[in-house]
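Me: I am new to this structure. Please show it, then take my questions one at a time.

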Amino acid sequence: TPEQVRAAAGAFRVYVSAGAPDADGDYVVDHSVLTFLLGPDGLVRDCYGQSRTAEELAKSVRRHMETYEPLPP
């Protein structure tokens with residue numbers, strides 16, 4: 001729902017906005033350009049912007065996978 005999208009965007013502190021619909025009802029969505037890496041526990045482990053290369057992103061994900069330790073209960 002729109003409310004769920006707003007809540008998720010707020011939780012991740014990202015920007016999202018739907019533009020005005022055209023005559024066909026189509027619209028453009030403007031949004032932040034970020035990719036979040038979530039751990040198995042659902043916590044944000046890293047955030048990647050447009051300046052990271054695919055190789056850097058892959059290296060970071062591998063490092064997070066290899067060093068992951070769950071938080072104590």
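**Salt bridges, a hairpin and the overall fold**

Me: How many salt bridges are there?
Reply: This is a predicted model, where local features need pLDDT of at least 70 and side-chain atom pairs count only at pLDDT 80 or more, while totals for chains, interfaces and linings use all residues. Residues are numbered from 1 along each chain as its sequence is written, and side-chain values use heavy atoms, with hydrogens and water left out. A salt bridge is a side-chain nitrogen of Lys or Arg within 4 Å of a carboxyl oxygen of Asp or Glu. By this rule the count is 2.

Me: Which residue forms a salt bridge with E3?
Reply: Helices (H or I, at least four residues) and strands (E, at least two) are DSSP runs, numbered from the N terminus. The N to O distance is 3.5 Å. The partner is R6.

Me: Is E3 buried or exposed?
Reply: Buried means under 20% relative accessible area, exposed over 50%, and partly exposed in between (1.4 Å probe, protein chains only). E3 has 51% relative accessibility. E3 is therefore exposed.

Me: Which residue forms a salt bridge with D41?
Reply: The closest N and O atoms are 2.4 Å apart. D41 is partly exposed, at 33% relative accessibility. The partner is R45.

Me: What is the sense of the pairing between strand 3 and strand 4?
Reply: Two strands pair if DSSP finds at least two bridges between them. Strand 3 (residues 35-38) and strand 4 (residues 44-48) have 4 bridges. F36 has C47 in strand 4 as its bridge partner. The sense is antiparallel.

Me: Which residue takes a positive phi in the hairpin of strand 3 and strand 4?
Reply: The hairpin has 5 residues between the strands. The phi in question is near 85 degrees. The residue is G42.

Me: Which side chain of opposite charge is nearest to D46?
Reply: D46 is found in strand 4. D46 is buried yet has no salt bridge. Lys and Arg count as positive and Asp and Glu as negative, with His and the chain ends not counted. The nearest side chain of opposite charge is 4.1 Å away, and belongs to R63.

Me: Which side chain joins D46 in a polar contact of 3.0 Å?
Reply: A polar contact is a pair of N or O atoms within 3.5 Å; within protein, one must be able to donate a hydrogen and the other to accept it, and residues adjacent in sequence count only if both atoms are side-chain atoms. The side chain of D46 makes a polar contact of 3.5 Å with that of Y48. The 3.0 Å contact is with S60.

Me: What pattern does the protein chain follow along the sequence?
Reply: The secondary structure comes to 2 helices and 4 strands. Read along the sequence, the pattern is α-β-β-β-β-α.

Me: What percentage of the 73 residues is buried?
Reply: The C-alpha atoms fill a box of roughly 50 × 35 × 15 Å, taken along the principal axes. Buried residues make up 10%.
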